[in-house]
Amino acid sequence: MKINTISINQMQTPIGYKFDQITIHCSVVGMDYPTELEKKLTIQAADKVVYESEWQAATSLDFQPALDLAPRTRYVVHVSLRAADYTETKATYFETGLMDQRLGAHWIGSADASVHGLQLVKQVTIPRGIKQARLYISGLGLYEAYIDGHKVGAEYLAPGFTNYNYYTQIATHDVTDLLTEAGVHTLTISLGDGWFRGKLGIKQHGGKMNQYGNALMAVAALCFTDEAGVEKVITTDATWKCMRSRISHSGIYYGEDLDETVSLTELPLAQFEQPAKYLFDRLSLPITTHEKLPVVKKIMTPSGTTVLDFGQNMAGWVTFTNRLPRGSKVALEYGEVLQDGELYRGNLRSARATFTYVSDGTTHRVRPHFTYFGFRYVKLIDFPKNINVTDFSAWALYSDMKSIGNITTNDPLVNRLFKNVLWGQKSNFLDVPTDCPQRDERLGWTGDAAIFAQTASYNMNTFSFNRKFMFDVAVEQSLHNGKVPLYCPAVDEHDGGKAVWSDVATIIPWVTYTRTGDLAVLKQNFGAMMSWVDWVHDYAKGTRNEFLWLDGDQLGDWLALDTEDILHLKGRTPDDLIASAYYYYSAKIVAQTAKLLQAKHESEYYELLANKIHDAFINEFFTGSGRLLTDTQTALALCLEFDLYPANTQQSLTGELVKRLEKDCNHLTTGFVGTPVLLPALSKNGQHELACQIFLNDDYPSWLYQVKHGATTIWERWNSIDSNGKIAENGMNSLNHYSTGAVMQWAYEQLIGIQPITPTQVTIQPGITAKFRQVAGRTELANGQVAVAWQIMNIQGDQIKVTLDIPYGATATVNLPRAKNWQIADRQYKNGTQLQPGHYEIMYTPTKAFVDQFTVYTPLSAYNQDKTLTTQLATLVPFWSFLTLPGNMQNFQAYSLLQLSHEMRGIGFPEMTPAQIDKINQLFAHVALANTKE
């Protein structure tokens, strides 16, 4: 065993963050865990010990030191572990920013609202022998800082996207290495419009300018200390020069215009009052470049233009090596898809999404600065025909989150789907969880974030990302009496107070805690969480039942296929049912949160409220006999997932969901609300095989339909592109929209079988099915990585191997399907045994072989050409003779036997009995087993 990483508030070596509290977490690798491990923490500042713990039992590898932090101070953290024959110490550090300290800097910029690109310049004289230097900086809209032409830091689109009227973030950069030479250095701050004053929002078509302000400005302090320990501070003030930038225009939707032949002209410098109510150390993770993708194909379109295909839909930009003569003007137009051989950009709506460039004639890399694009393809305009594709690269931009999860199977289509989910997350997690990266929107839509939060947390460490976004949500709530807007920051539209979307206020803090064990986000947002539930309760008091959310303006099951909405935007699941279910869910989360935070009164109050909502829900939406008043897939699955049903009706409710799916030919009809809960509701209630069948459908509508039609991310709509490859031109169609990728949560929890109970306790319950030969996956618990792999070892399906890795400090209860006992090496274990940390390889023989077989749910088309099988079915299926009439088999082959059984009653055939159904399934099993033996 050895120490792997030490994180500070879930970050590696963080500098300049808003440290409300300090949580230090250590992870270890290796599986030879000592049984009596001890831990110790020592923290130093300026070579002095400022905190030291005693040696203590390492039941967890977390520390929460009580430490009074000083501003602008580096703290060196030493974590020590020891056991009888093992001792190790590893060090890391974190550094505070300005905190409450101010350095006398002024906001400076240009008051000319016609200027959309600005540079602020200062000549700085540095003496010999610099010990350290820091740049504390913020800017509005977006900024980049340079010292002698070298970019400061590795992040882009700083200072991120916030409600700038309420708060703006200041970053800390270590610039010591850029100031090692004595002499005159040039400090430059470049500014562009960004989210602050560029076109943004959806209330006005194409967005509205100046949402938060109409002037570009920055504030900065350069602090450097010589070897004698004397510090000098240079701040933004009236002595700086203000220059018009070579970036004449830029915008999130617009793109960017860069002319490197323009001579910089000086502008009058203006000083401003602090534009935001608060200026504090950063919450945002940096937005950085990640994957670098080459051109996979150069395409000459029918119109004679050149289009570069990078093979992957993504968010970011394209860089290229400039080899153009001075004065040459070129452009890159970005898009997601080709239509009839040409780049299609109709789904971008009003977004210009273009980068234009005028060459200065020198060879260097060219990139955008204050924008980003959602794209797979780039159209080259006015470039030479003989361009070298190796000069062009696509860079993915997203918040700097650690990748912690992955799933692989023996099915390449499924593997591609999971890659698509991950790319959808990467493309839309740019400081806030956006809805899409390409069109004139790109806002922090709360509903998408809420339903995808658990999946996101399995794929990446989203702790810091969520903490910042939930601060944004709480800010907007504070301005709207607890109501949560549809997107945060709210920009131009304060509509909100809608189920699922606004329930982000409770869901994301809760997911963040349950995945990491860190209470920080719950503590930060507890008041906001209560305020949201109180807002709904206050609204409900004005209706006929204060314990139901009725008659509200809702978005419902957004983009569901069972729509009766004339605009085809909402499914037919009643808004009141969805809203009341989430009213209950949020109240329950708040009660659990209050209990964790030892808020006894609040815990009791919200627990009582949740119980009353539960009872009112059942009285409102179920009949006296226990039947749900609507039979949509979404309603049935939601009630099963949230345990919202009368006592002793879980099995019958599951049966109703199965029947509903039969009527829908075992294909989903769900939208944003129903999709995340559909497969979990089936798998958790004894219908895992049916869940897998729906998951593996590859015709419309399904997840794999998208993959088969070339998707490299998740689509906004199930039919964003039709079977002929044509994009749906309906005014709202993104090909990079992660919400229905929430199915990956089901894959982690039900297919792989990683089911966290607490941050350190997990149930391993793999959903082994013959529809796969092998599945492997991993993610992280609070103390480290948990990994599960299962494999059906032979075609007969009677030899199963399961491999487990359980991290230090965690325990795993192992439940294997079709097993009473299982074996590790020479030792037998009872199913349900709790395993301690370590690596395990389990072998067992299932009580029933895992053989892929047809069932009464299988469409007739899968087996109606098998004469031997159909001959035997003819003796068991009451209406088989009807199917053999001319044309009938072809007309009904998309349906299953069970579905036809229900429908055939209308023409006089008796419905199949449970005994007949069982015999048919036995026949299918017998045939499948016989085929494996052959």
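Begin with the cavities, of which there are seven of 30 Å³ or more; a cavity here is a set of points, on a 1 Å grid over the protein atoms alone, where a 1.4 Å probe fits but cannot get out, and its lining residues have an atom within 4 Å of a point. Grid points are joined across faces, edges and corners, and the volume is the space filled by probe spheres set on the points. The model is predicted, with local features needing pLDDT of at least 70 and side-chain atom pairs counting only at pLDDT 80 or more, while totals for chains, interfaces and linings use all residues. Residues are numbered from 1 along each chain as its sequence is written, and side-chain values use heavy atoms, with hydrogens and water left out.

Select Glu155, Ala158, Pro159, Gly160 and Arg282, which are the closest to the centre of the largest cavity among the 17 residues that line it. The space in this largest cavity is about 90 Å³. Strand β16 gives the largest share of its lining, three residues; helices (H or I, at least four residues) and strands (E, at least two) are DSSP runs, numbered from the N terminus. By class, the lining of the largest cavity has 11 nonpolar, three polar and three charged residues, where Ala, Val, Leu, Ile, Met, Phe, Trp, Tyr, Cys and Pro count as nonpolar, Asp, Glu, Lys and Arg as charged, and the others, Gly among them, as polar.

The lining of the second largest cavity has 10 nonpolar and two polar residues, and no charged ones.

Two bridges join β20 (residues 241–244) to β23, and selecting Cys242 shows its bridge partner in β23, Leu267.

Finish at residues 774–781, strand β41, which eight bridges join to the antiparallel strand β42 (residues 784–792). A hairpin connects β41 to β42 through two residues, and Leu781 stands opposite Gly784 in β42. On to β43 (residues 800–806), which runs antiparallel to β42 and is joined to it by six bridges; here Ala787 has Asp805 as its bridge partner.

How values were computed:
Pairing = 2+ DSSP bridges. 1 Å grid on protein atoms, 1.4 Å probe; cavity = no way out; pocket = protein on both sides within 12 Å on 5 of 7 lines; lining within 4 Å.
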